[in-house]
Amino acid sequence: CDDVDMYGKPRTDAACSWSQASKMRSAMTKGFGVDCGRGSVRWNSATGEGNPSLSLLIASYCRGLHRRKVQLHGETPTSARAVTEDTMRELFLRNMQALRSPPEDDWCGPLLRMCLQAIYSLSFVCLLRVDEVLKIQAHEISFNEESDGSTTLELFLSFRKTHQYGDIKPFIIRMFPEYMAHLCPVRAVAKWISHSQIKTGFIFRKMNKDHLPIILKQSPLTAEKFLEYFRNNLVDIQNDCLHSYGTHSFRRGGCQWLSVELRWPLRQICEYGGWSTDFSHLTIVKYLISWNDNHPMLYL
């Protein structure tokens, strides 16, 4: 990732970005810590104990690399822009309008719009990564009628990036009020399953050329294809900042919604979203604050 090779000579090929370097170090830290049993203890060169990726030498090099990337190349880490509740409402209204009266030159069919709406709401409300949503299977979802007549959705995930060894708490989501229908996972997922008739395997499947789910092949929708569909949907609502948004936009947006609109305490958001609550790295701050966000408070 540096501009010079291990012999101090200028590189002839393109160097990786700082973001890529950070991911490489994280992979090293996990590899030494989990696969080699070194844990998360800082490396001790005198005894040879601890995690080599957490040595003072590598930490110093990474700080210098980051400084050089910023000074020489102007690199600044950019988070995907958070999807706001207003954007969620616009997407919902546009998709519902297209379901009632599909345009002749529509870029997708009604089933795909239902699929996208279900993915949007699950990722936003449950703070799930898109990869986690796309790997949800039919047996992990159930709907229950409560004594007061309301419906709840129970989601038992078998996979989460932050819980790779099990102990994943289920999500139990009550149907939202009508004025919050644009955020309600219960309505969106129930409509998608009812119309797609997917009863086994992955509930979010790859689509054929007619934008219908491929039932015979048990292949989930890919994150890359979802991002393409999502950006097309942004064009529907005349949002011209397409490349500011990414697959992480819903997780970031949901995090901000819980904090700003629902006033959840920071520790509760961390526990709910799977972030560490020791606040040593403050990863949660990157989800709450970014210059790339289009937050209305910035224009007061």
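These are my notebook entries on a predicted model of one chain.

**Entry 1: confidence and overall make-up**

I began with the confidence values. The chain has a mean pLDDT of 86. I noted that 88% of its residues reach 70 or more. Then I looked at the separate elements. Helix α4, residues 110–126, has the highest mean pLDDT, at 97. Helix α10, residues 283–288, has the lowest, at 70.

Next I counted elements. I found 10 helices and 3 strands in the chain. Along the sequence they follow the pattern α-α-α-α-α-β-β-β-α-α-α-α-α. I also looked up burial. Of the 300 residues in the chain, 41% are buried. Residues 24 or more positions apart account for 56% of them.

**Entry 2: the sheet**

In what order do the strands of the open sheet stand? I read the order as β1-β2-β3, and the pairing is antiparallel. The edge strands are β1 (141–145) and β3 (171–174), and each of them pairs on one side only. From one strand to the next, the twist averages 20°.

I then went through the pairs. β1 and β2 (residues 151–155) are joined in the antiparallel sense over 5 bridges. F143 has L153 in β2 as its bridge partner. N144 stands opposite T152 in β2.

**Entry 3: strand β2**

Is β2 enclosed or open? I found that 5 of the 5 residues of β2 are buried, so the strand is largely enclosed by the rest of the structure. I reminded myself of the general rule: in a regular strand the side chains alternate between the two faces of the sheet. Then I sorted the residues of β2 by direction. T151, L153 and L155 point one way. T152 and E154 point the other way. All of these residues are buried.

I followed α6 to another neighbour, α4. Two packed helices are described by the angle between their axes and the distance between the axes. For α4 and α6, the axes come within 8 Å. They cross at roughly 145°. The crossing is left-handed.

I listed the residues that meet. From α4 I wrote down L111, M114, C115, Q117, A118, S121, L122 and V125. From α6 I wrote down P185, A188, V189, K191, W192, H195 and S196. By class, this contact has 10 nonpolar, 4 polar and 1 charged residues.

**Entry 4: α8 against α9**

I moved on to another helix pair, α8 (residues 249–261) and α9 (residues 266–273). Their axes come within 10 Å and cross at roughly 150°. I noted the crossing as right-handed.

Which residues of α8 meet α9? They are R251, C255, L258 and S259. On the α9 side I found I269, Y272 and G273. The residues of this contact divide into 4 nonpolar, 2 polar and 1 charged.

I finished with L266, which is found in helix α9. Is L266 buried, partly exposed or exposed? Its relative accessibility is 35%. Buried would need a value under 20%, and exposed one over 50%. L266 therefore counts as partly exposed.

I also looked up how far L266 stands from C255. They are 11 residues apart along the chain. Their C-alpha atoms are separated by 9.7 Å. C255 had come up already, as one of the α8 residues that meet α9.

Key: Residues numbered from 1 in each chain as written. Predicted model: local features only at pLDDT ≥ 70, side-chain atom pairs only at ≥ 80, totals over all residues. Heavy atoms only, no water. pLDDT = per-residue confidence, 0-100. Helix = DSSP H or I, 4+ residues; strand = E, 2+ residues; numbered from the N terminus. Pairing = 2+ DSSP bridges. Axes fitted to C-alpha atoms, helices over the stretch in contact; angles between N-to-C directions. Left-handed = near helix turned anticlockwise from the far one by under 90°. Contact = heavy atoms within 4.5 Å. Nonpolar A, V, L, I, M, F, W, Y, C, P; charged D, E, K, R; others polar. Buried < 20%, exposed > 50% of the residue type's maximum accessible area, 1.4 Å probe, protein only.
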